[in-house]
Amino acid sequence: MAEKRRYFPHLAGSLVLCSAGLWAFLGGWESGGKDPVLTVYADKLAGGIPTVCDGLTRHVTRTPIIVGDTWTREKCDQEQALALTKVQTDLAMCFRRLPPQEVYDMASSHAWNNGAPNTCASLAMEAWNRGDWELGCRRLSYSDAGKPVWSYVRTGRTLPDGKPEMRFVRGLAERRKAETGRCLEGVQ
């Protein structure tokens, strides 16, 4: 995957899209460091959403993703590069300050997993936009009270108060910790 540098006028600077570090990080978490998954499957953690390659879903691409279809490695690389470029471009518009590349890459991983609108609305983004890079990085995995965040999935049940019941997923918590660690490396 070829990296692309893009200038963002509102940040008065440029960022690398589809960086080698981000690409490797996503592959490590989405396919366990193995070759991308080429047969579309229903991701149980994501409520059965059809998923392929390194976490490619309908939320990041317009290409139809149908359970049981088989993709080629080339199609995965092409579709993921297009989708990741879009996610990163959308995400860059939420920053009011030019972030360090590692912050941007880990915010991009978070957005790939949770959606750019959710990352943009997060407390992490709020901290980054104040220039508090370290706090923003920590908020990828923990609340200010020290509790895990972004590490839960809906169970499909509703609580008596009408809110969805959530279940903690250790793998998501580990991914959030890894994002925080890599993010902090870029600001120290």
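This is a predicted model: local features need pLDDT of at least 70, side-chain atom pairs count only at pLDDT 80 or more; totals for chains, interfaces and linings use all residues.
Let me begin with the cysteines. How many disulfides does a search of the whole structure find? The search returns three.

I take the pair C94 and C120 as the opening case. Their sulfur atoms lie 1.9 Å apart, and the two residues therefore form a disulfide under the cut-off of 2.5 Å. The torsion about the S-S bond of C94 and C120 is about 90°, so this disulfide is right-handed. C94 sits in the loop between α2 and α3, while C120 belongs to helix α4, residues 116-120; the pair therefore ties together parts that are 26 residues apart in sequence. Is C94 buried, exposed or partly exposed? Its relative accessible area is 22%, and C94 is therefore partly exposed, because buried would require a value under 20%.

The next disulfide joins C53 to C76, with an S to S distance of 2.0 Å. Here the torsion about the S-S bond is -80°, and the link of C53 and C76 is left-handed. C53 has 1% relative accessibility and so counts as buried. C76 is buried as well, at a relative accessible area of 0%.

The remaining disulfide is that of C137 and C183, again with S to S at 2.0 Å. The torsion about the S-S bond is -60°, which gives a left-handed link between C137 and C183. Distant parts of the chain are linked here too, C137 being in helix α6, residues 133-138, and C183 in helix α7, 46 residues apart. Both C137 and C183 are buried.

What is the pairing when the bonded cysteines of the chain are numbered in sequence order? The pairing is 1-2, 3-4, 5-6. C18 takes part in no disulfide: the nearest cysteine sulfur, that of C53, is 14 Å away. C18 is itself buried, with a relative accessible area of 0%.

I turn now to helix α1, which covers residues 20-30. The buried residues of α1 are L22, W23, F25, L26, G27 and E30. Which helices are included in what covers them? The cover includes α2 (73-92), α3 (101-114) and α7 (170-185). After α1 comes G32, whose phi is positive, near 65°.

Finally, the largest pocket. Rolling a probe the size of a water molecule over the atoms shows where empty space is left. The largest pocket has a volume of about 1,200 Å³. Its lining consists of 43 residues, and those nearest its centre are A46, H59, W112, N113 and N114. Which element supplies the largest share of the lining? That element is α2, with six residues. By class, the lining of this pocket has 19 nonpolar, twelve polar and twelve charged residues.

How values were computed:
Residues are numbered from 1 along each chain as its sequence is written. Side-chain values use heavy atoms; hydrogens and water are left out. Buried means under 20% relative accessible area, exposed over 50%, partly exposed in between (1.4 Å probe, protein chains only). Helices (H or I, at least four residues) and strands (E, at least two) are DSSP runs, numbered from the N terminus. Contact means heavy atoms within 4.5 Å. On a 1 Å grid over the protein atoms alone, a cavity is a set of points where a 1.4 Å probe fits but cannot get out, and a pocket is an open set with protein on both sides within 12 Å along at least five of seven lines; lining residues have an atom within 4 Å of a point. Grid points are joined across faces, edges and corners, and a volume is the space filled by probe spheres set on the points. Ala, Val, Leu, Ile, Met, Phe, Trp, Tyr, Cys and Pro count as nonpolar, Asp, Glu, Lys and Arg as charged, and the others, Gly among them, as polar.
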